[in-house]
Amino acid sequence: MIASGLLHNPLLWILSVPLASAGFLAVLPNWRLAAALNIVASAGTFAASLMLFVHRPEPTRLLFIDDFNIYLVVLTAFVAFTTTIFSAAYIGRETEAQRLSPLHLRFYHSMYQAFVFTMLLALTANNTGVMWVAVEAATLTTVLMVSLYRTREAIEAAWKYFILCSVGIGLALFGTTLVYLAAQPVMGDGADAMAWTLMIKRAGAFQPDLLNLAFVFVLVGYGTKVGLAPLHAWLPDAHAEGPTPISAVLSGLLLNVALYALLRFKMLIAANGHTLTPGPLMVMMGLSSLFLAAFMLYRRGDIKRLFAYSSIEHMGVITFAFGMGGPLANFAGLMHMTMHSLTKSAIFFAVGIITQNAGTKSIAGIRGLTTTHPVLGWGFVVAVLAIAGLPPMGVFMSEFLVVTSTFAREPLLAVPLIVGLLLAFGALVSRLQGMAFGDPVPGVIVHGTGSRLATIMAHLPLWAHMTLVVIAGLWLPAPLVAWFQAVAKLLG
Amino acid sequence: MNAAVLQLVQIVLVVALAPLVTGWVRLVKSRLNGRRGASPFQPYRDIYRLLQKEAIVAHSASWVFRAAPYVTFAAVWLAASVIPTFSTDLALAPAADLIALVALLAIARFWTALAGMDVGTAFGGIGASREMLIASLAEPAMLMVSFSLSLIAGTTAPVKIVGFVLSGGVGLDVSMGLALAAMVMVSIAENGRIPIDNPATHLELTMVHEAMVLEYSGRHLAMMEGAAMVRLTLFMALIGCLFAPWGMAQAGGGVDGILVGMGAFLARTFVLATALAVFETAIAKMRVFRYADFLGGALLLGLLATIFLYVSEAV
Amino acid sequence: MEQHQALSYDVAHLIGATVLMAGFGLLYQRRLFAVLNTFAFQALALAAAAAWQARIQDAPHLYATAAIALVFKALAVPFALHWLVEKLGIHRTVETALSIGWTMIVGVALVALSILLVLPVTAGAAALTRESLALAMSVVLLGLLMMITRHNAVTQVVGFMALENGLLLAAVSAKGMPLVVEISIAFSVLVAMTLFGIFFFRIRERFDTLDLHYLETYRGDRH
């Protein structure tokens, strides 16, 4: 029964592969083998996720796939896969530098797969409770990875991350309970009143006031995890102190997952129709994140923190877009989610190698990358320009769409948006100049070590992501556009 | 039975019983501390002895000092007389009101504090200032409790509250529970019991009430001590009548009802007195700086009691 | 029947209010051990609330939640924290960012706020649910307040767990809500992790490293 189910349902593969590998990697002592297996498992998950296009399973009480989450599942599986490739190269060099012991690595690989599992579960859960548990578990697994280096800063970052996000998901649970209470009189007791697919059909009958209150809690709760402005304090620390592959997935995937949770609730609100519009709240939070991050970008001395703030900025833009609502802005938001995810993880891939080469995370210590490491350096330049929003890359496209749709509807709001984007652009470009084109710091040893394969593995994911981003900026395939549009309509 | 007669009985009863209550608390505390302790009737002897002695008045004292013991005692006695103890059928009951009660106690406190300052000694002044600090915190709390009770019962007259509680309309009410907790805290403060004040101490740094009456002797001291004892009994009667008035005689209850009411009152009072003794033995005195927290807590509990009323109301 | 309903309502209300009062108790305490004892009491009250809800909702799985609350939160966690505080010599008084009096006042304001927020929006729900929800939200906000106004890591964790008590109170009172047990387990894991976190964090401060190799070299086992 289960076996035949597995064969016919790619969804079960998507979830069982990472879960099983998490268990297996926990007991595998050889870290090189573990790194390889990590890649294989993630490739398997990615392949299974592609199968979703061919065969979309029927929604069950626990899991479901619809237009909205399918693309996030695929994106998550893809980035998780490319990150494992990068991670194999990264940890190889970390181990050479004796920063990580084999025991740490065993733990790291196992937690990585567990983390991927929790994210995919959160994305595919057809139950608000299961989704919550999955997000909570994602917090746990990443906390453990952020504190992997056991330095004073890493532990403090993990502690901060842990406390803030725990409170955040605590509040989200309260919101979830409130939504259940709003749904229960209509849907009856039990799991039906927590299932997305069932709730959305009858959301119009839910008690609107209760939904309003619930949404505030959900916004604050999951918003903490998204890293929206007043609640962002954990994000830069957690990104800066953990291993870089983890920073890549945190920034590229986890924030998306939290935002996905938020958007699901927003869809419910939109389907209800009698509530207050959640838009202004999200617009406010989005704009404040954008501004805060844009100003903070100027004062960063640590390269990983710099890009962590850039993630806050982009999450702000995305939240702003979804807050504006309407087909065009939602479309832009979805696209920006994808582009940011690809670009930001690519940047962290580059940053990982750069910091290993330079032996420091300080921006002042990193100079002249295009001279010392041309392949890496130019990749980094392209990625940073992309995230800064320079045409023709995909991020520019989506930002442009956000701005134009805002201009069309609320011209006054477009002004601060543009100012914020320009500020961030200026900060990133000025930082980039020194790092990419300045004179190399004399005396820094250029690492030429490692096999050719390792070098390729380190650079391949970066370039793969950037290729996708550039292509997306120039040309989006029609089916993809149609699909984004369909989802944008769902979001209301 | 006649309401006037019952009233007379009550007036005598509260004064007659007060020293025994105090004596009982002291006895239980002694026993808990592992001492034999004096007989519970010892306070009667003390007061009798004090009344026999000559009252010495400081040269610097004015008439305020001389008048204060009588005013204080009278105010407390009057307050104690109007609270229903064993029967609600009292002649003065219509005059009784929780807010009036607070005012009467405030008068007593005011005069005591005046007397403390009148002589001009340092201790009297310290005691008076601390007493006023406590009062400024305890009175709002007490009023808050009165408000929430009056919102529950629709009246501030203790007699009617008794009737309301006895009619069973309250059930297990959260507001009542909170108000009780606040009331207990206020009572502790008002009576100068541990953890706010220690009635048995003469340690300069910690005493409050004792500091104010330090200069008194003879019959003046007897009055002051008597007032303190009556006040303790008063608060026990008040807590009993507001929160656990079971068995209290109603109008037209006959002699049987009166006897049951009397028995219930005595039982309540001694249960409370014993509980007080146990509580005082178990905890330590608080620092002066913590008073605000403690009584602020009582005020907040009163406030919460009121807030919760609206929860119940809305349901 | 009417009588029975009224009673079940009163008892639930009373237990809920006890949890809330314990929340205020947490804010009021100045000594760490007193905070832990108050927390244990709150967890006990929560266990009682869950058990009572299990009874009146006829939902046996809530007994599991009650059992978890009782064994894990009312006993294991306070003991573990007690042990940690003694073992690691953590400062025994509570460090406050806001004076206790002010914290209490803000606390009451939060309670009033949650009542004002919850009651109007739950007009359709059952009376029991509404009240529990108002109480639960107050407990949540008080827990949050405690986390904000108390510095020490231990008090922060206690604040978090108090917040979580409020969440569970809401979850058990929502009639027929599935997954309550799973959620309480998830929280327990979280809390257990936190305790480890504190432990390691403090060890780190003492030995200036969390790397256990350091301890090994210290013993002279390696090299």
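## Two cis peptide bonds

Pro392(A) sits in the loop that connects α16 (374-388) to α17 (394-409) of chain A. The peptide bond leading from Pro391(A) into Pro392(A) is cis, and its omega is near 5 degrees. These values, like those that follow, come from a predicted model.

Chain B also contains a cis peptide bond, which joins Ile194(B) and Pro195(B) with an omega of about 10 degrees. Pro195(B) belongs to the loop between α7 and α8 (209-212) of chain B.

## Helices of chain A

Helix α9 of chain A covers residues 208-226, 19 residues in total. From its first C-alpha to its last, α9(A) reaches 25 Å, close to the 27 Å expected at 1.5 Å a residue. Of the 19 residues of α9(A), 16 are buried, so this helix is largely enclosed by the rest of the structure. Gly227(A) follows α9(A) and has a positive phi, near 90 degrees.

How do the axes of helix α12 (residues 279-297) and helix α18 (residues 411-437) of chain A cross? They come within 8 Å and cross at roughly 30 degrees. The two helices, α12(A) and α18(A), are therefore roughly parallel to each other. The crossing in which α12(A) passes α18(A) is left-handed. Residues of α12(A) that take part in the contact include Val283(A), Leu287(A), Leu290(A) and Phe291(A), and among those they meet in α18(A) are Leu413(A), Pro416(A), Leu417(A) and Gly420(A). By class, the contact of α12(A) with α18(A) comprises 15 nonpolar residues, one polar residue and no charged residues.

## A helix crossing in chain B

In chain B, the axes of helix α9 (residues 218-243) and helix α10 (residues 254-282) come within 10 Å and cross at roughly 115 degrees. That angle makes α9(B) roughly perpendicular to α10(B). The crossing of α9(B) past α10(B) is right-handed.

On the side of α9(B), the contact is made by Thr233(B), Met236(B), Ala237(B), Ile239(B) and Gly240(B). Phe265(B), Arg268(B), Thr269(B), Leu272(B) and Ala273(B) make the contact on the side of α10(B). The residues of this contact of α9(B) with α10(B) divide into six nonpolar, three polar and one charged.

## The fold of chain C

Chain C has eight helices and zero strands. Read along the sequence, its pattern is α-α-α-α-α-α-α-α. Of the 223 residues in chain C, 49% are buried. Among the contacts in chain C with a separation of 6 or more, 71% are between residues 24 or more positions apart.

Ala40(C) lies in helix α2 (residues 32-57) of chain C. Leaving aside neighbours within four places in sequence, Ala40(C) is in contact with Ala74(C) and Pro78(C). The C-alpha atoms of Ala40(C) and Ala76(C) are separated by 9.3 Å, and these two residues are 36 residues apart along the chain.

Asp58(C) is placed in the loop between α2 and α3 (61-88) of chain C. Its phi is near 60 degrees, a positive value in a residue other than glycine. Asp58(C) counts as exposed, because it has 8 C-beta neighbours inside 10 Å.

## How the chains meet

Which of the two pairs of chains that touch has the most contacts? It is the pair of chains A and C. This contact takes 35 residues from chain C and 29 residues from chain A. On chain C, each of α4 (100-121), α5 (127-149), α6 (153-173) and α7 (180-207) supplies at least two residues of the side that touches chain A. The largest share of that side, ten residues, comes from α7(C). By class, the side of chain C that touches chain A has 23 nonpolar, seven polar and five charged residues.

The contact between chains B and C takes 17 residues from chain B and 19 residues from chain C. The elements of chain B that give two or more residues to the side touching chain C are α7 (174-190) and α11 (291-314). With twelve residues, α11(B) gives the most to that side. The residues of the side of chain B that touches chain C divide into twelve nonpolar, four polar and one charged. Chain A and chain B are joined by no contact, and their closest C-alpha atoms lie 16 Å apart.

Conventions:
Residues numbered from 1 in each chain as written. Chains lettered and ligands numbered in written order. Predicted model: local features only at pLDDT ≥ 70, side-chain atom pairs only at ≥ 80, totals over all residues. Contact = placed C-beta atoms within 7 Å. Helix = DSSP H or I, 4+ residues; strand = E, 2+ residues; numbered from the N terminus. Nonpolar A, V, L, I, M, F, W, Y, C, P; charged D, E, K, R; others polar. Expected span 1.5 Å × (residues − 1). Buried ≥ 20, exposed ≤ 12 C-beta atoms within 10 Å, placed from the backbone. Axes fitted to C-alpha atoms, helices over the stretch in contact; angles between N-to-C directions. Parallel < 35°, antiparallel > 145°, perpendicular 65-115°, else oblique. Left-handed = near helix turned anticlockwise from the far one by under 90°.
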